[in-house]
Amino acid sequence: MSVVSEAFALVFQPYVLMVIAASAAFGMFVGAIPGLTATMATALLVPVTFFMEPVPAIAAIVTATAMAIFAGDIPGSLLRMPGTPASAAYVEDAYRMTRSGRSEEALGASLVFSAIGGIFGTIVLVTASPILADIALKFSSFEYFWLVVLGLSCAIFVSPGSVPRGMISLIIGLFAATVGIDNPAGQPRYTFGNVELLAGIQFIPAMIGLFAISEVLRSVAAGADMPAVEKGGRAGIFTRQLDNMRRYPLQALRGSITGTAIGALPGAGADIAAWISYAISKKFSRQKEKFGTGHVEGIVEAGASNNGAVSGAWIPALVFGIPGDSITAIVIGVLYVKGLNPGPTIFINQPQLIYAVFIVFFLANLIMLPFGWVAIKAARTILSIPARVLMPIILMFCIVGSFAINNSPFGIVLMLVFGIVGFLMEENDIPIAPAILGLVLGPMLEQNFVTSMIKADGSFLAFFERPIAAGLGIFTIAIWSIPLIMLAIRRGRPGAVPAA
């Protein structure tokens, strides 16, 4: 008990609490700007942490990360510009709720259930770190291959519209992911002699183009005087969330569990977690047809999964020193600088510091509620701006965000190209979201497939020889097969009407 008391004393100091509050505001600001990610917020904080003691340094990163992950939902909901790939999983529902005058309900759901998922993930981090980390270490390239395939499959099946159109979108994203020299063979692909393309298609400019620029083009095509949003109800940010908790407790719990479990897998992260959670939510929903049309159920489950994955990613980082995502990769470096060598011995040698980190996690997810409320209220005012004024402002932010990734004008070119592609896709009812996931997961899919085939000496059976890989593989193939089997059964019934 003395260790826990010492941890509370380390956290509840005026200086540490001030750092947490400042980091919360910083993370919320960075996350809400399209093109600036939670990873960037963490990287920007690292030089500042060099002048801090271990506890405030880690507290600053933990708090800023939690805020930035949620804040990525704000431009996604209001402007259809998701701040993270995870936000893209449910951006259609959130944006359509905004268009119908329910923006505060959508963002309120994202805020409240992000906090719930983060707290759940922290509880698991505190109680079950060694067990989950041990499972995570059993994942090899075979397991990761099936996990990525499962995530890509979910993107197709949860897309609004037909499965073939979702497949077309996914193929576009996977093709874009093959560009560049960052592949197992180390050979330039589809660069056409352009030096800039050797680094591949930068994800942030592509995402800004597909979502935001396509929206700007559609606004121009529809007429500049189109209103930004429709008039709707005035439900408050938290008004409907108690009702959502009563209606969707299973979804919130399921999303929290899924996010924490997937977040604990090194390299998986919140992106796959959100997409899989959204797919699970749609699969087991009684209102499947409402997904993608402005339905809050998917936001509840995927939002909880988002921040659950953030906490889960710290499990392998603290227990074994293996980064769970890009953010914890940065954090591990900070831990070493501060003399906190991550691994099993840290729980023995410096338990008070680890408990202090756990307390910071709880605080960060709790203060997300008031800080999120302020951020939503501040951002909500942009919806009163006429589209003819708002769209040029959005375009300016898009240009700045795309340029800031590598300080290169080529990012702006990529953004414009993908903006035109996104506009053409939506004009032909091809969903954008699967293309985003294909672009994000394509390199991971190829890398793990090639590595696995080298290990297996070209044998495909090796993908089913390990227990976890076999389970994931069978489950993924079942997802592909069940719709076909059900269709065959329906067609085989007496009196069945053939599909047109």
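A residue counts as buried when its relative accessible area is under 20%, as exposed when that area is over 50%, and as partly exposed in between, using a 1.4 Å probe and protein chains only. By that rule Leu-79 is buried, because its relative accessible area is 15%. The model you are looking at is predicted: local features need pLDDT of at least 70, side-chain atom pairs count only at pLDDT 80 or more, and totals for chains, interfaces and linings use all residues. Residues are numbered from 1 along each chain as its sequence is written, and side-chain values use heavy atoms, with hydrogens and water left out.

Let us begin with the whole protein. It has 23 helices and zero strands; helices (H or I, at least four residues) and strands (E, at least two) are DSSP runs, numbered from the N terminus. Of the 500 residues in the protein, 55% are buried. Contact here means heavy atoms within 4.5 Å. Among contacts between residues at least 6 apart in sequence, 78% join residues at least 24 apart.

Leu-79 has its place in helix 5 (residues 73–79). Leu-79 and Val-216 are 137 residues apart in sequence, and their C-alpha atoms are 9.8 Å apart in space.

Now for the interior. A nonpolar core is a set of buried Ala, Val, Leu, Ile, Met, Phe, Trp, Tyr and Cys residues joined through side-chain atoms within 4.5 Å. The largest one holds 135 residues, and the members that touch the most others are Ile-74, Ile-201, Trp-314, Ile-394, Cys-398 and Ile-436. Helix 19 (residues 351–380) supplies the largest share of this core, 15 residues. A second, separate core has six residues, among them Val-19, Leu-45, Ala-57 and Ala-60. Beyond its neighbours within four places in sequence, Ile-436 is in contact with Ala-88, Phe-203, Met-207, Leu-210 and Phe-211.

Next, see how helices pack. Axes are lines fitted to C-alpha atoms, for helices over the stretch in contact, and angles run from 0 to 180 degrees between N-to-C directions. Angles under 35 degrees count as roughly parallel, over 145 as roughly antiparallel, 65 to 115 as roughly perpendicular and the rest as oblique. Helix 2 (residues 14–32) packs against helix 19 at an angle of about 50 degrees, with the axes 10 Å apart. Helix 2 is therefore oblique to helix 19. On the side of helix 2, Leu-17, Ile-20, Ala-21, Ala-24, Ala-25 and Met-28 meet Leu-363, Ile-367, Met-368, Phe-371, Gly-372 and Ala-375 in helix 19.

Another pair is helix 4 (residues 54–71) and helix 15 (residues 297–312), whose axes come within 10 Å and cross at roughly 155 degrees. So helix 4 is roughly antiparallel to helix 15. Thr-65, Ala-66, Ile-69 and Phe-70 of helix 4 make the contact with Asn-306, Asn-307 and Val-310 of helix 15.

Two further places are worth a visit. Helix 7 (residues 91–99) is mostly covered, with seven of its nine residues buried: Val-91, Glu-92, Asp-93, Ala-94, Tyr-95, Met-97 and Thr-98. After helix 7 comes Gly-101, with a positive phi near 85 degrees. Asn-244, in helix 12 (residues 241–247), is buried because its relative accessible area is 0%. Leaving aside neighbours within four places in sequence, Asn-244 is in contact with Ala-109, Phe-113, Pro-249 and Val-296.
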